[in-house]
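Hi,

Here is the structure I promised to pass on.

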Amino acid sequence: MKALSTPILATLVACAALACATNPAPSASASTSTGNDAAFMARARALHERLLTIDTHVDIDPENFQAGQLNYAQRLNTQVDLTKMEQGGLDAIFFSIYVGQGPLTGAGYEAAWAVDTAKMNAIHRLAEVIAPNRIAIAYTADDVRRIAASGKKVALMGVENGYGIGTDLGRVKELYDRGGRYLSLAHNGNNQLSDSNTGEAKGDWSWGNGISPLGKQVIAEMNRLGMMVDISHPSRGAIMQIFALTKAPVIASHSGVRALCDNPRNLDDEELRALAKNGGVAQMVAYRGFVKCDAAYDATRSQALAALNQEYGITAGRRGGGAPSRRGPTAGVAGNSCGPTRAVQPGGITAAVQEQLAAMPAARADEYRAKLRALEAKYPPRPDATVKDFVNHIDYAVKLIGLDHVGISSDFDGGGGLADYNCALESVNITAELLRRGYTEEQIGKLWSGNTLRVMSEVERVAKRIQAGATD
């Protein structure tokens with residue numbers, strides 16, 4: 001048996017805790033290689049193909065889901081598409097029904113609801129019109145297993161930001177009926193349901209760092225219907241209130257460990273312990289800025305960049321989803337590795353910024369680029385996060401709260417990605433690193449899907465009890 005690595009030794013020592021007693025740490029005896037040799041990677045790929053793999057957070061652009069034209073069933077220049085799922089051994093996805101935060105007005109709610117509707121329509125169109133022989137929508141945990149066993153890929157939906165329901169509680173059921181299986185009360189910005197993690201820096205709260213009366217009703221309705229409560233974006237105070245209110249396990253659909261990367265989007269040790277006590281699952285997210293960060297350095301660099309952009313009237317491109325994009329699909333290059341995403345241009349300038357520079361006088365645009373180069377020389381980007389950095393988050397969470405409460409997500413096409421895990425084709429790299437660290441096939445299977453499906457099943461069971469009139 002090979003010698004135990006330092007991370008595994010630390011995990012084994014931690015197994016004196018109750019969490020690890022019921023959720024064993026990875027066993028080094030399961031691994032026969034610590035390198036990237038061909039034989040080891042062949043073993044990892046074979047294991048990856050045997051596993052049921054679920055990514056609980058992938059963003060979409062509805063324009064990529066149009067029948068009769070280049071679409072998601074083909075090879076697009078996106079981090080995920082149906083072809084990449086098939087070639088990369090990714091079996092199931094929770095597609096994000098995401099909408100950015102807007103004004104808390106009737107018009108704002110209706111505009112957001114239109115985005116939610118467009119994205120749900122897109123997933124139904126993919127599964128029911130464009131590629132019904134290759135992918136199907138799952139509504140239950142058993143559906144996921146059945147569809148995957150049939151050889152098809154699995155589409156699920158998670159609602160990222162409850163903003164779109166407005167003040168109409170009935171819209172929660174509409175989302176559920178169409179396939180929504182988790183919902184986050186907030187995104188980046190406080191709304192009518194909950195405070196957001198973004199309020200932490202300045203103590204900017206609408207609900208006292210918590211949940212609104214309507215938000216509490218939404219949680220009860222989700223419990224009744226069988227929809228998971230997603231805690232990845234609400235404020236810390238709101239998250240702790242969710243644990244006190246919900247009758248069912250929760251999901252953090254795409255979050256990291258705050259002890260390893262101090263970002264309010266990540267979960268601290270108290271939150272993680274509360275999640276385990278609740279029976280939920282924290283899906284570690286492969287978003288480079290939540291995996292590896294230096295808060296002080298990043299803040300200084302971001303402030304300098306913001307000041308430069310303000311000087312030149314540049315509006316940094318925001319994450320897609322506030323409204324359906326009109327840029328249309330772009331064909332990707334066939335192959336077995338991931339290229340850079342289409343939104344990023346040479347020099348790190350986004351496509352949105354490039355468009356603004358093109359509209360400027362040439363001399364002023366050149367001046368901006370020169371100042372940007374100087375800024376990047378003074379504040380160079382830190383080395384990109386890697387799969388090893390990402391699995392450190394998994395290791396930490398497993399050690400702290402037990403393997404049964406940890407999962408995997410990417411946030412692909414919403415900003416996610418690592419140096420060596422930048423699209424669905426590279427999903428095997430996660431499996432390989434887990435195997436390299438001594439996780440067994442059973443343990444890796446729990447991380448990739450088993451824990452998520454357990455939570456889904458329990459949420460379904462709680463809903464049936466509530467609907468049957470159970471009071472305990």
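Arg171 comes out as buried, with a relative accessibility of 11%. Keep in mind that this is a predicted model. The partner of Arg171 is Glu110: the two form a salt bridge, with their closest N and O atoms 3.0 Å apart. Glu110 sits in helix H5 and Arg171 in helix H7, 61 residues apart, so the pair links distant parts of the chain.

Searching the whole structure gave 24 salt bridges. Another one joins Glu441 to Arg50, at 2.9 Å between the closest N and O atoms. Glu441 belongs to helix H17 and Arg50 to helix H3, so this bridge ties together parts 391 residues apart in sequence. Here Arg50 is exposed, at 54%, and Glu441 is partly exposed, at 37%. There is also a salt-bridge network made up of Lys388, Asp395, Glu433, Arg436 and Arg437.

On the nonpolar side, the largest core holds 87 residues, and Phe390 and Ile394 are among those with the most contacts inside it. Helix H15 contributes the most to this core, with eight residues. A second, separate core has 21 residues, including Ile54 and Met456.

Last, helix H10 (residues 269-278). Its N-terminal end is capped by Asp268, which has a side-chain oxygen 3.1 Å from the backbone nitrogen of Glu270. The buried residues of H10 pack against helices H9 and H15 and strands E7 and E8. After H10 comes Gly279, with a positive phi near 90°.

Cheers

Methods:
Residues are numbered from 1 along each chain as its sequence is written. This is a predicted model: local features need pLDDT of at least 70, side-chain atom pairs count only at pLDDT 80 or more; totals for chains, interfaces and linings use all residues. Side-chain values use heavy atoms; hydrogens and water are left out. Contact means heavy atoms within 4.5 Å. Helices (H or I, at least four residues) and strands (E, at least two) are DSSP runs, numbered from the N terminus. A polar contact is a pair of N or O atoms within 3.5 Å; within protein, one must be able to donate a hydrogen and the other to accept it, and residues adjacent in sequence count only if both atoms are side-chain atoms. A nonpolar core is a set of buried Ala, Val, Leu, Ile, Met, Phe, Trp, Tyr and Cys residues joined through side-chain atoms within 4.5 Å. Buried means under 20% relative accessible area, exposed over 50%, partly exposed in between (1.4 Å probe, protein chains only). A salt bridge is a side-chain nitrogen of Lys or Arg within 4 Å of a carboxyl oxygen of Asp or Glu.
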